[in-house]
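Please look through the model below before reading on. This report takes up a loop, the cores, a helix and a cavity in turn.

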Amino acid sequence: METSSVDPLAHKAPLQNEPFLIRQKPTSYIAIIRTKKSKHSRTIVFNMKSNLSKFVLYIMKQTQEIKSFFYSQYFADGLRITIGCIVPVLIFATIGQFTNGTIVSLGALLVGLSDTPGAPSHRRKGMIAGAILTTLTFILTNIVNQNVYLLAIFIGAACFIFAMFAVFNSRAANVGLMCILMMLIHVQIHYPLVEAINYLGFYTLGGLWYIAISLSITQARPYRLAEQELSETIRYVADYIRLKANFYDAKIDNDKNYLKLIDKQVEVNQHQENLRDVLFQSKRSIKDTTKVGRYLTLVFNDIVDLFEQSMAAHYDYNTISERFGPTGILEDFKNVILKYTNELDNLAYQLNTHTQPKPLYDFDSDLSRLHTKIDQLDKNQEYSTFALRKVLINLRDLVRRIKNIYGYSHLQPDDVKRKEIDDAKRFVQSSAIDFKKFRENLTLKSTIFRHACRMAIVMSVTYYVFEVTNITNNVYWILLTIMVILKPGFGLTKERNIQRLIGTTIGGLIGALILLTIHDPTVLFVLLVFFFLTAYSLFRVNYVIVVLFMTPYVLIMLSFVSANTLDVTKERILDTFIGGMIAFLSSYVIFPNWESMQVKESMRKLLIANYNYIFQALKEIAGQAPSITDYKLTRKAVYVETANMGSTFQRMLTEPKKRQKYSKEVNKFVIFNHILASFSVTLMNHLDEMDNNYINKDHVRTIRKILSSLEQSIQLLHSADSVNAFVPLAIEIPNDQFDNTDVSSVDGQLLSEQLDFLNKIAQDLHKIVQDLHAKSTAMSENELPKALS
C-alpha cells in the first residue's frame with residue numbers, strides 16, 4: 001500500500017467523512033479519506049495484488065453499503081413493521097397475556113404489509129382498507145370453517161375475488177393478498193362468538209396501533225420516503241451508466257452487455273414510477289411552498305433527463321473498439337465514466353442521509369485531459385476521431401447536469417418555476433378504484449382473470465383433498481406456500497418456487513440448529529427480533545433472504561409456546577416442497593399464462609411508443625414543436641414500454657423450451673429497439689439544438705420512411721387481442737419551407753447520417769417482425785405460441 005498527496009482522479013477536497021472509492025486501474029483502487037478533525041484529505045492507492053489491500057478495500061466498500069442500507073427505505077419499512085409487531089407482544093407478555101399480544105401483533109403485521117410506498121393519502125386508504133377487509137375475511141372464515149364443504153367453496157370464491165384486486169393497482173393487490181393470508185391462518189381454527197369478538201378487538205387494536213405509527217412518522221418527516229426513493233433511483237441510474245461504461249472495454253461481449261443494460265433499464269423504470277407516485281401524488285409536494293418538496297421534484301426531473309442523456313449516448317462500439325482500443329483512450333473514457341457513477345452514488349448517499357449534497361470530484365481536469373488525448377490522436381491516427389469527440393461532448397453534458405443538481409440546494413422556494421410542479425401529476429397514472437376494470441377483466445383473455453381462476457381452483461381443491469384425507473395435520477403451510485409461489489406467469493411462479501424452497505430449507509436448518517444449541521429465552525428473543533427485522537427489511541429486495549430469515553423466526557416464536565420445533569421444522573420443509581410442486585404443476589396445466597402469449601402485444605406497444613416519439617421530429621420541423629411536458633410524456637411512454645418488453649422477454653426465457661421457439665428473434669428485436677430508442681433521443685436533441693435552415697427535403701423524406709417501416713411492423717403485429725387501435729399520424733410540411741436550406745452544412749450532414757442509421761434500424765426491425773409473422777402463419781396453432789399466431 002502506498003500513499004500519494006496528488007492524484008489526477010481525486011477531487012481537491014473530498015467531502016465525505018467516510019472513504020469513497022473509485023477504480024483507477026485494473027489492479028488498483030484509490031480511496032479518498034477525510035477525517036472529521038481535519039479539513040484535508042488523503043488519497044490512498046491500493047495495490048490489488050496485495051491480499052491485505054484487497055481485504056481493506058472490501059471492508060471499506062462494505063462499510064459504505066451497510067451505512068446506505070441503514071438509511072434506506074427498506075430498513076425503515078422493516079423497522080416500522082418490527083416495532084409495530086414486537087412491542088405489543090412485549091407489553092402483553094409482561095402482563096401475562098402473551099396470546100392476546102400475538103393477536104395484536106398479527107393485526108399490525110397484516111396492516112403493515114398493506115402499507116406499501118406511495119402518496120400519504122394512498123397509504124392511509126390502503127391501510128384502512130386492509131384493516132376492514134381482513135376483519136371481514138376473518139368473520140366469514142369463522143362462520144364457515146366448521147364445514148369442510150362450505151369452507152372449500154368459500155376459499156375458492158375468496159381467492160378469486162381477492163386475486164382480482166390486482167386489476168386496480170399494486171396496492172389493492174397487496175391488500176387482497178393479506179385477506180387471503182388472514183383466511184388461511186384461520187381455516188382450521190373456530191372461535192365461539194364471545195372469543196371471536198374478543199379476537200377482533202385485539203386484532204383491531206393491532207391494526208390501529210400500526211396505522212398510528214405509520215401516519216405519525218409520515219407527519220413528522222413528510223419527505224423522508226421521497227428522499228429515500230430518489231436516492232435509490234439515482235443509485236440504479238448509476239448502475240445503468242456503469243454498464244454503459246463496459247462498452248469501452250474491448251474484452252466485453254457487447255450483445256450480452258446489451259441484455260444486462262435492458263434488464264437494468266427495467267429496474268430504473270420501476271423505481272422512477274415508484275418515485276413519481278410518492279412525489280407527484282402527494283398534495284404536500286405539489287402545493288407546498290417550502291423548499292424541500294420542490295427541490296426533490298427538480299432533482300428528480302434532472303435525474304430523468306440525465307438518464308435519457310445516458311441512454312441516448314449510443315455509438316458503434318464495435319468499430320470504436322477496433323479503431324481506438326490499442327491507443328488506451330477507451331480505458332480513460334471508461335475510468336471517467338466510472339468516476340461519474342461514483343459521483344452519482346455520492347449524491348444518492350447524501351440525499352439519503354438528509355445532508356446538503358456537495359460534489360465529490362471536479363471533472364474539468366479529466367475532460368481537459370481527454371480532449372488533449374483526442375487532439376493527439378487526430379495528429380497520429382489515420383481514423384477520424386469524430387465519434388470520440390461526440391462521446392466527450394456527451395460526458396460534458398452529463399457533468400453539467402449533475403452540477404445543476406448540486407446547485408439546486410442553494411435555490412429559494414420562489415426560484416422554482418411553478419410549471420415544473422403543476423405539470424407533475426400528468427406523469428402519474430391514476431390509481432383510483434374503477435370497478436369497470438373488474439368487469440372488463442372477466443375474460444380468459446385477461447392475465448389476471450386466468451391467475452384468479454387458477455388460484456381459486458388450486459387453493460380450494462388442495463384444502464379439500466388434504467383435509468378429507470388427513471395426509472397432513474396442518475394444511476395451512478401447504479396453502480401458504482401455494483399462495484406466495486403462485487404468480488400470474490409461469491416464469492415468475494418457477495422463480496418464486498425455487499427461491500422459497502432454498503430459503504425454507506436453509507432457514508429451517510438454521511432455526512433447528514439455534515434451538516438445539518441455545519436455550520436462554522433472552523438470547524432467543526433477541527435472535528427472533530433480529531430475524532424478523534432482517535426479513536421485513538429485505539421484503540422488497542431479495543425473496544430468498546426473506547424466507548431464509550423468516551423461517552427461523554417462526555420456529556423460535558413457536559418454541560415460546562412449547563411446540564415441538566424439530567417436528568415443525570421437518571413439517572414445514574416437507575409442506576413447502578408439496579405446496580411448491582402443486583403451484584408449479586398448476587401453473588403449467590390450469591389456465592396456463594405463458595409470457596410468450598404477451599410478446600406480440602408487448603412488441604406492438606413498444607413500436608407504437610417509438611412511432612409516436614419519432615413523429616415529434618416532424619412536428620418540430622413543421623414548427624409545431626410540442627411543449628416540454630408533452631415531449632417528456634411521449635418519451636416516458638417509450639421508456640415504460642421498453643421496460644415492459646424487457647420484463648416480458650426475461651420471463652419468457654424462464655419458460656419451457658418449446659415455448660421459446662423464437663427467443664433469438666425476440667432477443668434481436670429487444671436489442672434493436674434499444675438502439676432505435678437511443679438514437680431517437682439523440683435525433684430529438686439534435687433537432688432541438690440545430691437551426692431549421694439546415695433541414696432539407698431529404699431529411700423529411702427519411703423520417704417518413706422510418707415512420708412507414710414502424711407503421712408496417714405495427715400492422716403486422718395487430719391481432720384481435722390488441723387493446724388499442726393504432727391510427728397513423730399525419731402532418732403537412734410546406735415545400736417552400738426548404739427554399740433557403742443550406743444542404744452543405746455540417747449539421748445537415750450529421751443529421752443525414754443519424755437519419756440513415758435510424759432508417760436502417762427501422763428496416764431491420766421490420767424484417768424481424770416479417771420473419772416472425774411468416775413463421776407464425778406457416779405453422780399450425782398447436783405448434784406455435786398464441787402470441788405469434
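## A residue in a loop

Start with Phe 591. This residue sits in the loop that links α23 (565-589) and α24 (596-621). The model is predicted.

Phe 591 is not a glycine, yet its phi is positive, at about 45 degrees. Is Phe 591 buried, exposed or partly exposed? Its relative accessibility is 30%, so Phe 591 counts as partly exposed. The cut-offs explain this, because buried means under 20% and exposed means over 50%.

## The nonpolar cores

Nonpolar side chains in soluble globular proteins tend to be buried together. In this model, the largest nonpolar core holds 116 residues. The residues with the most contacts inside this core are Phe 333, Tyr 340, Leu 344, Leu 388 and Phe 669. Helix α24 supplies the largest share of the core, 13 residues.

Now take Phe 669 by itself. What does Phe 669 touch, leaving out residues up to four places away in sequence? Its contacts are Met 603, Leu 606, Leu 607, Met 645, Leu 765, Ile 768 and Val 769.

Helix α12 covers residues 317-324. Its buried residues are Tyr 317, Ile 320, Ser 321 and Phe 324. They span an arc of only 100 degrees around the axis, so they lie on the same side of α12. The general rule is that an α-helix has 3.6 residues a turn, so residues three or four places apart point the same way.

Which residues are exposed on the other side of α12? They are Asn 318 and Glu 322. The buried residues of α12 pack against several helices. These are α8 (224-245), α9 (254-280), α13 (329-352), α14 (364-380) and α15 (386-407).

## The second largest cavity

How many cavities of 30 Å³ or more does a search of the whole structure find? The search finds 2. The second largest cavity contains about 30 Å³ of space.

Its lining is made up of Ser 68, Ser 231, Arg 235, Asp 345, Ala 348, Tyr 349 and Asn 352. Two or more lining residues come from each of α8 and α13. Helix α13 gives the largest share, 4 residues. By type, the lining of this second largest cavity has 2 nonpolar, 3 polar and 2 charged residues.

Definitions and conventions. Residues are numbered from 1 along each chain as its sequence is written. This is a predicted model: local features need pLDDT of at least 70, side-chain atom pairs count only at pLDDT 80 or more; totals for chains, interfaces and linings use all residues. Side-chain values use heavy atoms; hydrogens and water are left out. Buried means under 20% relative accessible area, exposed over 50%, partly exposed in between (1.4 Å probe, protein chains only). A nonpolar core is a set of buried Ala, Val, Leu, Ile, Met, Phe, Trp, Tyr and Cys residues joined through side-chain atoms within 4.5 Å. Contact means heavy atoms within 4.5 Å. The arc is that of the directions from the helix axis to the C-beta atoms. On a 1 Å grid over the protein atoms alone, a cavity is a set of points where a 1.4 Å probe fits but cannot get out, and a pocket is an open set with protein on both sides within 12 Å along at least five of seven lines; lining residues have an atom within 4 Å of a point. Grid points are joined across faces, edges and corners, and a volume is the space filled by probe spheres set on the points. Ala, Val, Leu, Ile, Met, Phe, Trp, Tyr, Cys and Pro count as nonpolar, Asp, Glu, Lys and Arg as charged, and the others, Gly among them, as polar.
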